[in-house]
Amino acid sequence: MPGTLYLIPNTLGLSDATPAQQLAAVIPAEVQTLTAGLAYFIAENAKTTRAFLKLVDAVQPLARPLQEIQIAELNVNTASAALPALLARILAGQDAGLISEAGVPAVADPGANLVRLAHAHNIQVRPLVGPSSLLLAVMGSGLNGQSFAFNGYLPTDAEQRSKRIKALELRSRQDQQTQLFIETPYRNGAFLEALANSCQAGTLICVATDLTLPSETIRTQTAAKWKSALAAGKHPDFHKKPTVFLFLAQ
């Protein structure tokens with residue numbers, strides 16, 4: 001009988017708080033206990049997964065030494081042909097944990113392909129409770145939480161990016177649908193400028209940074225106000241920090 005594929009949430013970042021405080025804020029105790037008992041993980045990044053398991057171990061001792069825990073990597077460079085091998089241990093009866101570099105796995109994450117394959121092999125999939133930066137950003141934005149769409153990354157070419165923003169703004173206005181984006185953290189400033197310059201003055205733009213961390217900030221205001229603030233040199237404190245961007249056209 002196959003094992004179970006657990007979808008294990010990770011923290012959205014580390015702070016100076018104790019391991020117990022960091023985990024208690026975002027990862028339920030039951031999830032910590034389950035994680036500590038697993039010996040096989042499929043991870044977007046083995047290094048960050050080991051750091052997370054060390055955090056868990058400080059609160060809920062791991063069932064075996066970290067060196068004995070198997071961590072197989074699954075990232076954007078993993079070929080589809082390599083996915084079946086990642087499920088081999090589960091098909092043989094071993095439970096496994098799928099874990100993202102941050103937040104919940106299989107959402108804006110290459111793990112979704114593995115979950116689909118697990119279903120095709122009749123492997124039980126169990127998503128576990130934890131922090132999602134996208135849902136937290138929607139909650140804190142004040143924008144439409146009844147209808148929203150995640151668009152991932154936009155083109156880096158300025159002209160193509162502006163064209164895409166305007167097309168999504170039109171959709172947002174027609175459907176009253178909140179649009180969500182992420183960007184490589186060192187490009188946050190350029191991305192916010194693109195939003196402020198491409199969107200119409202009354203479109204509401206939210207910038208949500210370092211969600212769940214002590215340095216968390218969430219700010220929603222019109223494109224016109226963001227444009228004025230940026231022109232005055234008043235940039236959010238978000239350089240190289242994980243940030244979710246949202247907008248809703250009025």
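Before I start, one definition: when I say contact, I mean heavy atoms within 4.5 Å. Thanks for having me, everyone. What you see above is a predicted model, so please keep that in mind as we walk through.

Let's begin with helix α8, residues 188–198. Its buried residues are Asn188, Phe191, Leu192, Ala194, Leu195, Ala196 and Ser198. And what covers them?

A search of the whole structure turns up four aromatic pairs, and here is one of them. Phenylalanine 238 and phenylalanine 245 sit edge-to-face, with 6.2 Å between centres and 65° between planes. The cut-off for that label is over 60 degrees, so this pair qualifies.

While we are on rings, have a look at tyrosine 40. The charged end of arginine 89 sits over that ring, 5.1 Å from the centre.

Next, a helix pair. Two packed helices are described by the angle and the distance between their axes. Helix α2, residues 29–36, and helix α3, residues 46–59, have axes that come within 10 Å and cross at roughly 110°. The range for roughly perpendicular is 65 to 115 degrees, which is why we describe α2 and α3 that way. Which residues make the contact? From α2 we have Gln32, Thr35 and Ala36, and from α3 we have Phe52, Leu53, Val56 and Val59. Sorted by class, that contact holds five nonpolar residues, two polar ones and no charged ones.

Two of those names turn up again around isoleucine 8, in strand β1, residues 4–8. With neighbours up to four places away in sequence left out, isoleucine 8 touches Thr35 and Phe52, and its other contacts include Leu38, Phe41, Leu98, Ile99, Pro105 and Leu128. Isoleucine 8 is buried, with 0% relative accessibility. Valine 104 is 96 residues away from isoleucine 8 in sequence, yet their C-alpha atoms are 6.7 Å apart.

Glutamine 22, in helix α1 (residues 19–26), is buried too, at 12% relative accessible area. Setting aside residues up to four places away in sequence, glutamine 22 touches Gly13, Leu14, Ser15, Ala17 and Leu55.

Now for the loop between β8 and β9 (217–222), where aspartate 210 is found. Aspartate 210 is at 8% relative accessibility, and buried means under 20%, so this charged residue counts as buried. Beyond its neighbours within four places in sequence, aspartate 210 contacts Ser215, Glu216, Lys241 and Pro242.

Finally, something for those of you who like backbone angles. Most residues other than glycine have a negative phi. Where do we find positive values here? Threonine 212, in that loop between β8 and β9, has a phi of about 75° and is partly exposed, at 31% relative accessible area. Alanine 108 has a phi of about 55°. Alanine 108 lies in the loop between β4 (96–99) and α5 (111–120) and counts as exposed, at 56% relative accessibility.

Conventions
Residues numbered from 1 in each chain as written. Predicted model: local features only at pLDDT ≥ 70, side-chain atom pairs only at ≥ 80, totals over all residues. Heavy atoms only, no water. Axes fitted to C-alpha atoms, helices over the stretch in contact; angles between N-to-C directions. Helix = DSSP H or I, 4+ residues; strand = E, 2+ residues; numbered from the N terminus. Parallel < 35°, antiparallel > 145°, perpendicular 65-115°, else oblique. Phe/Tyr/Trp six-rings, centres within 6.5 Å; stacked < 30°, edge-to-face > 60°. Lys NZ or Arg CZ within 6 Å of the ring centre and 35° of its normal. Buried < 20%, exposed > 50% of the residue type's maximum accessible area, 1.4 Å probe, protein only.
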